[in-house]
Amino acid sequence: MPKNSKVVKRELDDEVIESVKDLLSNEDSADDAFKKSELIVDVQEEKDTDVEEGSEVEDERPAWNNKLQYILAQVGFSVGLGNVWRFPYLCQKNGGGAYLLPYLILLLVIGIPLFFLELSVGQRIRRGSIGVWNYISPKLGGIGFASCVVCFFVALYYNVIIGWSLFYFSQSFQQPLPWDQCPLVKNASHTFVEPECEKSSATTYYWYREALNISNSISESGGLNWKMTICLLAAWVVVCLAMIKGIQSSGKIMYFSSLFPYVVLLCFLIRALLLNGSTDGIRHMFTPKLEMMLEPKVWREAATQVFFALGLGFGGVIAFSSYNKRDNNCHFDAVLVSFINFFTSVLATLVVFAVLGFKASVINEKCIAENSEMIIKFLKMGNLSHDIIPHHINFSAVTAEDYHLVYDIVQKVKEGEFPALHLNSCQIEDELNKAVQGTGLAFIAFTEAMTHFPASPFWSVMFFLMLVNLGLGSMFGTIEGIITPIVDTFKVRKEILTVICCLLAFCIGLIFVQRSGNYFVTMFDDYSATLPLLIVVILENIAVSFVYGIDKFIEDLKDMLGFAPNRYYYYMWKYISPLMLLSLLIASVVNMGLSPPGYNAWIEDKASEEFLSYPTWGMVVCISLMVLAILPVPVVFVIRRCNLIDDSSGNLASVTYKRGRVLKEPVNLEGDDASLIHGKISSEMSSPNFGKNIYRKQSGSPTLDTAPNGRYGIGYLMADMPDMPESDL
């Protein structure tokens, strides 16, 4: 060391002290968070302690009151309407009980590993989706913005479904239920049944005409449906009030919104099992058709259902986990929530087909009674001989077995003339094979079944209140996926942002409560989320496994959890999951290309649905939804790759503030050799506005390193400090 090294070091330290004085003299008085921190430049190695757990950031960020509240929030977000009206349909359509096997396999291959990945990055970095992916790779920061856009699109129409449920809930407090019978129309001469209802059914008519007052096509707006407009407003008011304080307000509601659906499902299951035909429905549901497991379509639909059932890519999972402590066992959470979701789907399937089995039994009894009367009529007219009817059969109280026996006899005797008799076989399986999903299941098939329940208004109230709670649980996670990243990134007040977001969403959502609004719900459901979310999750997997580095990520998890995750996850994240996701993306694109873009329109004159293609402007909207959702990814990549915007204005983190020290984090996070565990993102505390730069020279180096860097474009950079232990970085 040169003999004057001590003098040089003293001069350098004096320069640093002067810089600190400049900093404090120009400190922004509005930056309270910075005032609470203390700048100690001459930090001695032996005095360094890790105060991460006690930092102001840890104290300032909201946290869950307890582990149960957090689990209920994740369960409420992942368990939604799709578990009740999508999974049972897929199970019936794709082989019954045999469908559960590919679903479970894909849950283990795609679902749990990717769910664990999102929980991990959110919990470690403690930011919403924008902050998380900016931290891992600034060039891929558009992933977080794309998640927010998709969340907004989904929230627009998802809350409309909650509004529909609120409408049916409000109409359930009357006996008989308003959709129990077709309405009568009176004119000057006589009274008759409403023709549209007579051609369809009472529940179908009530849904399309009384509730939606639907138009004949998407091009016929028909004006606003004021009943649904009021219900949509009520739905957004509920969401806004529940979310206005973040998890501090929504967390308490989770106890009811997440648990109540299970109470209702169990009550429905017990009640349905006591009704005739429920076991027929369950047996039909779970009778395995093993040959269907070989069809690629079954695996594609199972993978899609796994993907959306857990809410991957929305940002809600990351947002909720960001409020956890860093040492929380998120691996246990991922496995627990995934299997709760799966068993909820199975429970909902049992309930749906037990109820539909009862409904099929009621319809089958009516069918047998009507056809028995026709046989009696044929016997009286001489079209059928009494000799062919077994003597033990009593047509006044005929059973299903007796009717099927007579039906088979008549079919054999009158082989040539049988079609002209117009007799129905009245098989309960025929009714159960009429697969329904979505709104058709909830607002038509299930409501019709409940009209045959004893005390039907009570069960109707319970059912639609359950749908409201299932929808709200998912909406909380969806809105959190929008609010949390924006608050973390742009430091706006959560209360104001929540109100603005809900008000804006309600105004845009008015397109869904026109008379043609149901067709727009179908459009958004088909095109705004599926492909963009698949691309988002593929990029998430690539960002962690290949950009950040799977080995570093595993080390981060080991440091965070206290144990190394099973090697299984290493191979899933690096090889299997990306390949499966790419295959699913290709299959979805091919399926979308082969399926003609259109929607099922309700034609009033025919009282039936008819498939219509989207008009040209409708196709433009469909394409625009997909492009807008994924557009942030290439835009952010180009901006940061070409340095079109000064890095100082958008970099997530440069300096970490800890109590008692300032730590430097690299600007180029992609090339950072330090793991996520070894640093905290500076966005956890807002940076001050400086009038002058602050910097630190390396010991023994006369060169000053300065560069514009930081959230607000302040223009400060602290050089690497080799005298500080790596564990503190």
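## The C182–C197 link

The link of C182 and C197 is left-handed, with -80° about the S-S bond. Its sulfurs sit 1.9 Å apart, and a disulfide here is any pair of cysteine sulfur atoms within 2.5 Å. C182 lies in the loop between α9 (142-170) and β1 (184-186) and C197 in helix α10 (residues 195-199), so the bond ties together parts that are 15 residues apart in sequence. Helices (H or I, at least four residues) and strands (E, at least two) are DSSP runs, numbered from the N terminus.

This is a predicted model, where local features need pLDDT of at least 70, side-chain atom pairs count only at pLDDT 80 or more, and totals for chains, interfaces and linings use all residues. Residues are numbered from 1 along each chain as its sequence is written, and side-chain values use heavy atoms, leaving out hydrogens and water.

As for cover, C182 counts as partly exposed because its relative accessibility is 23%, while C197 is buried at 1%. The cut-offs: buried is under 20% relative accessible area, exposed is over 50%, and partly exposed is in between (1.4 Å probe, protein chains only).

## The C367–C426 link

The count comes to two disulfides, and C367 to C426 is one of them, again with S to S at 1.9 Å. This link is left-handed too, at -75° about the S-S bond. It connects distant parts of the chain: C367 is in helix α17 (residues 330-381) and C426 is in the loop between α19 (418-421) and α20 (428-432), 59 residues apart.

C367 counts as buried at 15% relative accessibility, and C426 is buried at 2%. Number the bonded cysteines in sequence order and the pairing reads 1-2, 3-4.

C151 is in no disulfide: the nearest cysteine sulfur belongs to C148 and is 6.5 Å away. C151 is buried, with a relative accessible area of 0%.

Then there's C240, whose closest cysteine sulfur is that of C502, 4.2 Å off, so the gap is too far for a bond. C240 is buried as well, at 12%.

## A nonpolar patch

I623, V627, L628, L631 and V635 make a nonpolar surface patch of about 400 Å². Patch residues have over 30% relative accessible area and no salt bridge; like charges are joined within 9 Å, nonpolar side chains (Val, Leu, Ile, Met, Phe, Trp, Tyr) within 5 Å. A salt bridge is a side-chain nitrogen of Lys or Arg within 4 Å of a carboxyl oxygen of Asp or Glu, and accessible areas come from the Shrake-Rupley method with a 1.4 Å probe, with only the protein chains shown counting as cover for residues.

Helix α27 (residues 616-630) gives the largest share of the patch, three residues. L628 lies in that helix and counts as partly exposed, at 46% relative accessibility.
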